[in-house]
Structure formats: structure tokens, C-alpha cells
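Colleague: Please take a close look at one part of this chain for me. I would like the start of it, described piece by piece.

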Amino acid sequence: QATILIAAGVCGAVAIYLLTEAHQAAPPAVVAPMDYTVILWGALLGMLIWGEMPTATTWLGIAIIAATGLYIAQRELATAPLNRLGPVYLWARRLLG
């Protein structure tokens, strides 16, 4: 159990570090919606690890949150000046069209 707890702590620390780096590379309006993917990952890992099937309303909520986040990110990319977005601009433009 100690190994699992240590691994969870290391993963959490790496996640926070990467989230901080993301917020330095792009505006919060672009990065923050991507943070909501934790809901999707939680549902998927719950299915894989514990065999817990999310309800239809859970999937609907995930879809609404994901669609809203993608819309906000795309809107920000379309209206933000290039120098404000930095190196993440080209990657995000390819991802979001």
C-alpha cells in the first residue's frame, strides 16, 4: 500500500507541475477548460479499475462540460493575439481547427 500511496503522490505532484507550466504557456481561458477532463478520466478509470459504469446523466454532463470547454478554448484562440498565446498557439490551432 505504501508503494501505491507514493506513486499517487508523485503522479499528483507531476500533474500540478504540468498544470502550472500550462498556465504559464497559455492564457487561463485556454488551459482551464482542459482541466475538466479529470471528470472524464475519473469515469473511465472507474470503469476500468472498479467496473463502475457511469449513468447516462454522467455521460451527458461530461459531454456538456467538454463541449463548453472546447468552445471556450476555440473562441479564445480565435480572438487572442498571437503574442499572448505563445508557443501553444500552433498546436492548439491544429487541435481545435
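Modeller: Bear in mind that this is a predicted model. H1 passes H2 in a right-handed crossing. That pair is the part to look at.

Some context comes before the detail. The chain has six helices and zero strands. Along the sequence, the pattern reads α-α-α-α-α-α. Of its 97 residues, 19% count as buried.

Now the pair itself. Helix H1 covers residues 2-25. Helix H2 covers residues 28-35. Their axes come within 8 Å and cross at roughly 150 degrees. Angles over 145 degrees count as roughly antiparallel, so H1 and H2 are roughly antiparallel to each other.

Next, take a residue from each helix. Leu18 lies in helix H1. Its relative accessibility is 51%. The cut-off for exposed is over 50%, so Leu18 counts as exposed. Leu18 also belongs to a nonpolar surface patch.

Val31 is found in helix H2. Its relative accessible area is 9%. Buried means under 20%, so Val31 is buried.

One distance involves Val31 and Leu19. These two residues are 12 apart in sequence. In space they are 8.3 Å apart, C-alpha to C-alpha.

To recap, H1 and H2 run roughly antiparallel. Leu18 is exposed, whereas Val31 is buried.

How values were computed. Residues numbered from 1 in each chain as written. Predicted model: local features only at pLDDT ≥ 70, side-chain atom pairs only at ≥ 80, totals over all residues. Heavy atoms only, no water. Patch = residues over 30% accessible without salt bridge, like charges linked within 9 Å, V, L, I, M, F, W, Y side chains within 5 Å. Areas by Shrake-Rupley, 256 points an atom, 1.4 Å probe, with all protein chains shown as cover. Salt bridge = Lys/Arg side-chain N within 4 Å of Asp/Glu carboxyl O. Helix = DSSP H or I, 4+ residues; strand = E, 2+ residues; numbered from the N terminus. Buried < 20%, exposed > 50% of the residue type's maximum accessible area, 1.4 Å probe, protein only. Axes fitted to C-alpha atoms, helices over the stretch in contact; angles between N-to-C directions. Parallel < 35°, antiparallel > 145°, perpendicular 65-115°, else oblique. Left-handed = near helix turned anticlockwise from the far one by under 90°.
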